[in-house]
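User: I would like to learn how to read the features of a structure, one at a time. Could you give me the general idea each time and then the case at hand?

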Amino acid sequence: MPARIVEVREGVLKKNDLLARGLRERFGAAGVAVVDLVSSPGSGKTALLERTLSELSGRLRAGALVGDLATDNDARRLAVSGAPVRQITTGTVCHLDAEMVARALEGWDLASLDLLFVENVGNLVCPSSYDLGESLRAVLFSVTEGEDKPLKYPTIYNSADLAVLTKVDLAEAVGFDRAAAREAVDRVRPGLEILETSARTGEGIDAWLDRLMGLLAGGRDEERPAAGRASA
Ligand SMILES: Nc1nc2c(ncn2[C@@H]2O[C@H](COP(=O)(O)OP(=O)(O)OP(=O)(O)O)[C@@H](O)[C@H]2O)c(=O)[nH]1
Ligand SMILES: [Mg+2]
């Protein structure tokens, strides 16, 4: 790659890291835990959040930011839960960055939330390098995508704190091989925690909610970018 392109890319990431650091401080000061969901398009991010927000309703104060290239479909789906939701439309950009998140949060009283979910743009490549100041990054992969996704897209797994296997209600129908999926994850991120969920049947949702609760009340994951996430 020509030196100039490398320089510009490093400059962009460094700027993002500085902004993300500021966001992380803001989130910490407001006492809000931030969870970033990343996955390929259609893995079930919005479906998991729909279920999560409705389960948390009345128990916790949760809100969401949703990133897509176009449409506010996902924000409208999530707003049904009654939670405060804002859509970020990125145009041609295949990931959210810290500046977009900061802009979307303008005028939002963060202290009014316990949990803020960020649904990233559906993409297994671009979001991996952009720290958003989150407390936890969860990479979703659905049983319909094939067990070898972690091997093909290792960067996103390297940037995640947790993997969430989604649509497990379809596992049998598509002949999903759990052992092969576990092995693929382990080859990229040995021992990475995997939670199995179905937004459709509710399977595994309690464990997911427990994991989220663990982020509150001092149980938050160490506030640093996970291995592989860009750092300044
Ligand atoms: N059977 C089944 N289908 C699911 C489940 N979760 C999501 N789906 C379906 O999968 C499709 C995509 O789900 P979404 O939640 O929109 O996926 P997404 O990751 O938010 O998609 P993008 O925002 O476009 O990246 C929809 O048709 C959902 O109904 C699940 O647990 N079980
Ligand atoms: Mg979505």
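Analyst: Let us begin with a term: a polar contact is a pair of N or O atoms within 3.5 Å; within protein, one must be able to donate a hydrogen and the other to accept it, and residues adjacent in sequence count only if both atoms are side-chain atoms. In this structure, a polar side-chain atom of Asp 169 lies 2.8 Å from a nitrogen atom of ligand 1. The model is predicted, with local features requiring pLDDT of at least 70 and side-chain atom pairs pLDDT 80 or more, while totals for chains, interfaces and linings use all residues. Side-chain values use heavy atoms, without hydrogens and water, residues are numbered from 1 along each chain as its sequence is written, and chains are lettered from A and ligands numbered from 1 in the order in which they are written.

User: Which side chains have an N or O atom 2.9 Å or 3.0 Å from an oxygen atom of ligand 1?

Analyst: The side chain of Arg 77 places an N or O atom 2.9 Å from an oxygen atom of ligand 1, and for the side chain of Glu 119 the corresponding distance is 3.0 Å. As for cover, judged by accessible areas from the Shrake-Rupley method with a 1.4 Å probe, ligand 1 taken alone exposes 650 Å², of which the protein buries 75%.

User: Which residues come nearest to ligand 1, and what classes make up the shell around it?

Analyst: A residue is near a molecule if one of its heavy atoms lies within 4 Å of it; of the 18 residues around ligand 1, those that come nearest are Lys 45, Thr 46, Ala 47, Arg 77 and Asp 169. By class, the shell has 4 nonpolar, 6 polar and 8 charged residues, where Ala, Val, Leu, Ile, Met, Phe, Trp, Tyr, Cys and Pro count as nonpolar, Asp, Glu, Lys and Arg as charged, and the others, Gly among them, as polar. Helices (DSSP runs of H or I, at least four residues) and strands (runs of E, at least two) are numbered from the N terminus, and H2 gives the most to this shell, with 3 residues.

User: Are Thr 46 and Asp 74 buried or exposed?

Analyst: Buried means under 20% relative accessible area, exposed over 50%, and partly exposed in between (1.4 Å probe, protein chains only). Both Thr 46 and Asp 74 are buried.

User: Which residues have a positive phi of about 80 degrees or about 60 degrees without being a glycine?

Analyst: In general, most residues other than glycine have a negative phi. Thr 71 has a positive phi of about 80 degrees; Thr 71 sits in the loop between strand E2 (62–68) and H3, and counts as partly exposed because its relative accessibility is 42%. Lys 167 has a positive phi of about 60 degrees, lies in the loop between E6 and helix H7 (178–188), and is partly exposed at 24% relative accessibility.
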